[in-house]
Amino acid sequence: MAFPDVRPRRLRRTAALRRLVEETRIAPAELILPLFLKEGLTEPRPISSLPGVMQHSRESLRKAAHEAVSAGVGGLMLFGVPDNANKDETGSAGLDPDGILNVGLRDLIAEVGDATVVMGDLCLDEFTSHGHCGVLAPDGTVDNDATLEIYGRMGVAQAEAGAHVVGPSGMMDGQIGVVRKALDRAGHQDVSVLAYSAKYAGAFYGPFREAVESSLQGDRRTYQQSPGNVREALREVELDVAEGADMVMVKPALPYLDVIAAVRERVDVPVAAYQVSGEYAMVEAAAEKGWIDRQGVMLETLTSIKRAGAQIMLTYWATEAAQLLRERY
């Protein structure tokens with residue numbers, strides 16, 4: 001049909017019409033809030049490279065969890081930040097029932113129960129003195145199979161602390177199968193596994209390293225994926241699903257929207273994406289300069305991630321975005 005018979009603008013004329021025909025809409029329940037619990041804090045501590053994000057004390061963690069649940073946020077992903085004195089070569093503090101991560105999981109369950117989904121990051125990087133996601137072999141490389149045995153025990157420790165979901169994020173070969181079997185043997189068949197299936201060794205993690213006080217020496221390119229690879233990501237995802245992953249994740253999100261879309265086409269389990277610290281920090285920095293509309297960009301980026309195929313989004317804006325979405329709809 002020729003002009004003027006076709007006028008797509010008719011459906012954009014009012015806010016009500018635009019809402020009526022909106023194709024991609026985010027729900028607060030699809031958002032997960034990452035939280036950092038720092039050992040020994042009595043007051044929350046701002047993270048300089050993540051404006052608005054805190055290292056929490058146990059008390060402020062509970063308050064943040066309550067606020068998120070009140071806004072309708074669908075989940076909380078907890079990262080433990082131990083005192084440097086409690087870091088060692090094998091990350092043993094991550095397995096300790098009285099370590100900061102497992103204490104925090106118990107606190108979250110006591111605060112919110114089943115009102116939201118409580119998740120634990122299952123990795124050793126916050127707890128190792130060298131900052132890698134696994135234990136090191138004598139030659140300094142990360143020992144995949146020795147790390148798997150620790151991951152299994154770490155998953156059980158998190159389940160016993162009350163986690164609804166564990167998130168193996170170290171990109172070790174076979175990690176999902178080992179964690180799934182360890183959980184099942186320990187009687188935690190109902191604990192879900194969110195696999196960090198396609199985690200890229202990119203340049204967007206800088207502020208996160210400050211948040212967890214990373215001790216990283218070197219880089220993680222021998223076990224995280226190369227930014228140029230898509231087919232490799234699909235292979236990783238398929239392996240994780242075959243090993244028992246209940247959900248799979250792509251990390252980071254915005255630089256890898258094509259990967260999210262490809263993963264969504266390949267699997268029939270829920271797909272998550274992590275809008276990582278560098279993505280968040282860039283928007284906050286530009287907004288602070290007055291160069292962009294902060295809230296507009298926040299919601300636009302989340303919409304793009306959902307539109308690409310992620311139905312679950314980890315974002316440091318989760319609580320604020322959920323509040324805005326509830327006001328909008």
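Trainee: Which residue in β7 is the bridge partner of Val165?
Mentor: Ser192. Strands and helices here are DSSP runs, numbered from the N terminus: E for strands, at least two residues, and H or I for helices, at least four. One caution: this is a predicted model, where local features need pLDDT of at least 70, side-chain atom pairs count only at pLDDT 80 or more, and totals for chains, interfaces and linings use all residues. Residues are numbered from 1 along each chain as its sequence is written, and side-chain values use heavy atoms, with hydrogens and water left out.

Trainee: How many bridges join β6 to β7?
Mentor: Two, and the strands run parallel. DSSP must find at least two bridges for strands to pair.

Trainee: And which strand pairs with β7 over five bridges?
Mentor: β8, residues 247-251, also in the parallel sense. There, Ala198 stands opposite Val250.

Trainee: Is β7 mostly covered or exposed?
Mentor: Mostly covered. Seven of its eight residues, 192-199, are buried, meaning under 20% relative accessible area with a 1.4 Å probe, protein chains only.

Trainee: New topic. What does Tyr274 touch?
Mentor: Its contacts (heavy atoms within 4.5 Å) include Tyr196, Met249 and Val250, not counting residues up to four places away in sequence.

Trainee: Which elements supply at least two residues each to the lining of the largest pocket?
Mentor: β1, β3, α2, α9 and α11.

Terms used: Buried < 20%, exposed > 50% of the residue type's maximum accessible area, 1.4 Å probe, protein only.
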